Amino acid sequence: MSSHTDQSAVTVLGLGPMGRSLAGAFLDAGLRTTIWNRTPGRDQELVSRGAVSARSAEEAVAASGLTVVCVVNYDAVDAILRREAVADALKGHTVVNLTADTPDRARDTAAWAAEHGVRYLDGAIMTPITTIGTPAAVFIHSGPEELYREHRPVLDVLGGNHTHLGEEIGRAAAYDIALLDIFWTAMAGYAHALAVAKAEGVTARELAPLAKGIGSMMPTLFEQLAEGVDSGNYFGEANPMTSTASTMTHIVHTSEAHGIDASVMRAAEGWARRAIGRGYGADGFIRVAEFLGR
Ligand code: NDP
C-alpha cells in the first residue's frame, strides 16, 4: 500500500477512451500507475507500457494515495466506489472524480466521501482525449483548496490548463453543464442548419466556410454580452429582439416548408416572443436569460 502523500503513484478507475488517455499521460510522466476497469481486457496496451492492472477496485485504490475516477456517469461511480471493501481501502486517500454528471450528484458523492473518511475533489474535463497530456487540455476542479494544491503536481502531468473554481464541490459540474449546454445547443443548431441547407441544395462543404465565420463571432459576443448581463444592459440598439424574432420565424418557415422539424428554433422564437410580450422588444435577445428560469 502506498502512503497517502506519495506523489509518485496514482490509480485510474475506468478505462474508456478518456480513462485510458489519463492513465497513458500518468505513465508517460513516469508515475507508478495502477489501473482497473469493470470489464476486463481494456488494460492491455497500458500494461504493455508499464501500468499495473489491479484485480479489483479495492486492490486498485489501495495501491495509491490518489485515485482518479473517470467513468460514464455517477451511477457508474457509485457502482464502483460505494462498496464496503472499496470504501475501507479508500479511507484517508484522495479521490479526484473527473466523471461528468450534475452538480447535485457531485454534492451527493462528496457527502458519501465525507461520511467514509475519503478526501474528495470533483472535476471535469472540457477537451477531447487527443488533448490529454498536451498544452491544449482543459480541466476544471472544485472542492477543498488545500487538497487541490496537494495533488496539483500529479494533476499537472495531465497537461494543459487546470482551474480551481472554488471550494463548493458542485461548482466544477455547474460550469461543465453550462459549457456543455453551449456546445450541444450549438451542435444541434449546426445539424439543423445542415439539414435546411441540404434541402435548399447547399452542401455541407459549401456552407462550412461561412459557418466558420458565424462561429468566430461568438467569442467576442460571449464577453460583451456577459458584461451586459451582469450589469443589466442588454444591448438592443444594434439588433433588437423584434428583429431577432422575425429572423427566427424565417428559419422556422423555411424548415417546415421542407418538412424539417423546427422545434428547437420554435422554442427559441417562443422565448423571444415572450420577451417582446413583456415589453423587452427593444432589448437584445440575451435578455431572455433573465426570465427563462422563472
Ligand atoms: P464513457 O463515457 O463511455 O465511459 C466509459 C467508462 O465507464 C468505461 O470504463 C466503462 O466501463 C465505465 N462504466 C460504464 N458503466 C459502468 C458501470 N455501471 N460500472 C462501472 N463502470 C462503468 O467513455 P469516456 O472514457 O470517453 O468518458 C469518461 C468520462 O469522461 C465521461 O464522464 C465523459 O463525459 C468524460 N469526458 C470524455 C471526453 C471524451 O472525449 N471521451 C471529453 C471530456 C469528458 P466498461 O468498460 O466496463 O463498460
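The protein chain is built from 12 helices and 8 strands, where helices (H or I, at least four residues) and strands (E, at least two) are DSSP runs numbered from the N terminus. This is a predicted model, so to speak of local features takes a pLDDT of at least 70, side-chain atom pairs count only at pLDDT 80 or more, and totals for chains, interfaces and linings use all residues. Residues are numbered from 1 along each chain as its sequence is written, and side-chain values use heavy atoms, with hydrogens and water left out. The C-alpha trace spans about 65 × 40 × 30 Å along its principal axes.

Now for the ligand. Around it sit 21 residues, and the closest are Met 18, Asn 37, Arg 38, Thr 39 and Arg 42; a residue makes this list if one of its heavy atoms lies within 4 Å of the molecule. By type, the shell splits into 12 nonpolar, 7 polar and 2 charged residues, with Ala, Val, Leu, Ile, Met, Phe, Trp, Tyr, Cys and Pro taken as nonpolar, Asp, Glu, Lys and Arg as charged, and the others, Gly among them, as polar.

A polar backbone atom of Met 18 is 2.9 Å from a ligand oxygen, while a backbone N or O atom of Val 71 lies 3.0 Å from an oxygen atom of the ligand.

Technical notes: A polar contact is a pair of N or O atoms within 3.5 Å; within protein, one must be able to donate a hydrogen and the other to accept it, and residues adjacent in sequence count only if both atoms are side-chain atoms.
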